[in-house]
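Here's a quick briefing to read with the structure open beside you.

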Amino acid sequence: MISFKQRDVISILHFNKEELLYLLDVTKRMEQTHYSHILKGKVLAALFFEPSTRTRLSFETAMKRLDGMVIGFAESGATSIAKGESLSDSVKTIEGYCDVIVLRHYLEGAAQLAADIVNVPVINAGDGSNQHPTQTFLDLYTIQKTKGTLEGLKIGFLGDLKYGRTVHSLAYALAYFGAEMYFISPPNLRMPKDYMEELKNRHVACHEAESLQDIGKRLDVIYCTRIQEERFADPIEFEKVRGIYRLSKPILEGLGVKDDLKIMHPLPRVDEMDESLDGTNYAIYFEQARNGIPVRKAILATVLGVIE
Amino acid sequence: MKQLDVSAIKDGSVIDHIDSKSTLKVADILNIKAEEDVVLVGMNLTSKYLGKKGIIKIGGKILDQKEVNKIALIAPNATVNIIKDYEVVKKFEVVVPEVIEGIVKCFNPNCISNYGNTKAKQHLINKNPIKLRCHYCERVMGANDIVLI
Ligand SMILES: [Zn+2]
């Protein structure tokens with residue numbers, strides 16, 4: 001019997017396949033059933049040492065929809081933390097005010113440190129470039145919901161695969177489900193070696209390429225990421241790359257993609273996905289963002305022990 | 001070559017087959033500075049297997065498995081002999097512990113363990129070649145990334 005009661009949610013590495021499926025199952029129940037008062041009287045402390053409006057609002061909405069309360073701060077500038085109070089002192093103090101902590105921090109490993117110190121469950125809402133597990137859960141949920149399964153899909157990851165933590169975590173999670181993975185990026189932004197090795201150790205069929213040509217038509221899902229200009233020393237190089245990794249309706253049709261191909265993106269986007277895609281059956285990125293609510297409801301309700 | 005007379009100790013521990021370059025690091029880990037009995041440190045000695053090896057002899061100190069395991073991180077070929085009355089009474093294999101705390105610095109400058117009073121901590125994920133995963137930032141370190149605190 002799987003239970004997430006009092007459990008910390010720090011890294012996708014801490015979850016096995018059964019636990020992921022359990023969480024997706026609770027998420028589905030959260031979407032299909034109207035739970036309203038189950039977190040009444042519970043307090044969530046949202047500690048955002050680094051601002052992230054979308055993630056914070058998504059957690060707040062999930063908590064409030066279930067009648068819970070939210071305290072916290074949106075950035076550390078105005079708090080005593082900026083004056084030198086340590087992370088561990090802050091969480092030790094705040095632990096006394098709340099039932100669950102959601103933490104975002106610019107340093108990698110911050111959420112794990114907090115979880116080691118306090119007794120209330122800690123949910124990692126992003127630690128530097130390391131992990132953002134609730135994003136991975138909602139990505140998985142979106143794929144499962146739109147494709148009907150997570151098993152045996154052909155997934156293309158497109159864009160900045162070197163710094164894109166959402167890609168690293170999602171690839172790791174999909175390895176449980178026999179996915180075939182295509183990593184499509186400019187040479188300087190390829191998937192890091194450590195991750196490629198890990199995936200190969202887990203018997204994932206991996207392919208690397210520099211464009212969607214010849215590959216696009218095989219894929220069930222394309223997961224896009226933003227390529228940031230500061231990753232390139234030469235602006236001309238960046239302009240070239242930007243053109244190659246840009247998706248639009250005509251480009252997809254030119255590639256001969258499957259009719260039921262789905263395009264995902266962790267948002268916000270800049271111009272890597274043309275607006276011509278927005279209304280099409282391919283685009284599921286807004287739905288993906290909306291799925292953050294039932295996923296975060298499911299996590300809050302299970303770690304607080306009100307849902308089994 | 002004739003052995004020097006000073007090389008034998010009556011009671012204590014002998015750490016042999018240290019990769020020569022790592023000898024002083026091993027000495028550091030064992031905190032020989034604090035020893036009051038006889039301590040001998042040899043470097044660049046001839047070894048059939050390692051080419052050049054280091055050796056450390058600590059009089060009056062009996063290493064335990066935990067101390068031995070720390071050595072394993074930087075001297076995986078080391079052997080440890082416990083001496084009593086000039087006789088070897090116990091031999092240790094060096095084994096890298098599953099969890100390493102407060103010994104290895106995380107190589108990721110953006111890792112929380114490099115700030116404040118957080119004690120660095122890693123999990124052993126592969127023995128040979130050695131691979132450690134940081135408990136906090138999850139980055140994986142190989143032998144070349146290992147820097148002792
Ligand atoms: Zn680290």
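**Starting point: a glycine in a loop**

Gly68(A) sits in the loop that links α2 (53-65) to β2 (69-73) of chain A. Keep in mind that this is a predicted model. From this glycine we'll move on to the whole chain, its domains and its partner chain.

**Around Gly68(A)**

- Is Gly68(A) buried or exposed? Gly68(A) counts as buried because 24 other C-beta atoms lie within 10 Å, and the cut-off for that label is 20 or more.
- Lys40(A) is 28 residues away from Gly68(A) in sequence, yet their C-alpha atoms are 4.9 Å apart in space.
- If you set aside the neighbours within four places in sequence, Gly68(A) is in contact with Leu39(A), Lys42(A), Leu44(A) and Met63(A).

**Chain A as a whole**

- Chain A is built with 11 helices and nine strands.
- Its C-alpha atoms fill a box of roughly 55 × 45 × 40 Å along the principal axes.
- The radius of gyration of chain A is 20 Å, which agrees with a compact globule, because 308 residues packed that way would give a value near 19 Å.
- Of the 308 residues in chain A, 47% are buried.
- Take the contacts in chain A with a separation of 6 or more: 74% of them join residues 24 or more positions apart.

- Where the two domains of chain A touch, domain 1 gives 17 residues and domain 2 gives 16 residues.
- Which elements give two or more residues to the domain 1 side of that contact? They are α1 (17-32), β4 (122-127) and α11 (292-303) of chain A.
- The largest share of that side comes from α1(A), with five residues.
- By class, the domain 1 side has nine nonpolar, six polar and two charged residues.

**Meeting chain B**

- Chain A also touches chain B, with 12 residues of chain A in contact with 14 residues of chain B.
- On the chain A side, helix α4 (residues 110-117) gives the most, with three residues.
- That side of chain A divides into four nonpolar, six polar and two charged residues.

Definitions and conventions:
Residues numbered from 1 in each chain as written. Chains lettered and ligands numbered in written order. Predicted model: local features only at pLDDT ≥ 70, side-chain atom pairs only at ≥ 80, totals over all residues. Helix = DSSP H or I, 4+ residues; strand = E, 2+ residues; numbered from the N terminus. Rg over C-alpha atoms; globule rule 2.2 N^0.38 Å. Buried ≥ 20, exposed ≤ 12 C-beta atoms within 10 Å, placed from the backbone. Contact = placed C-beta atoms within 7 Å. Nonpolar A, V, L, I, M, F, W, Y, C, P; charged D, E, K, R; others polar.
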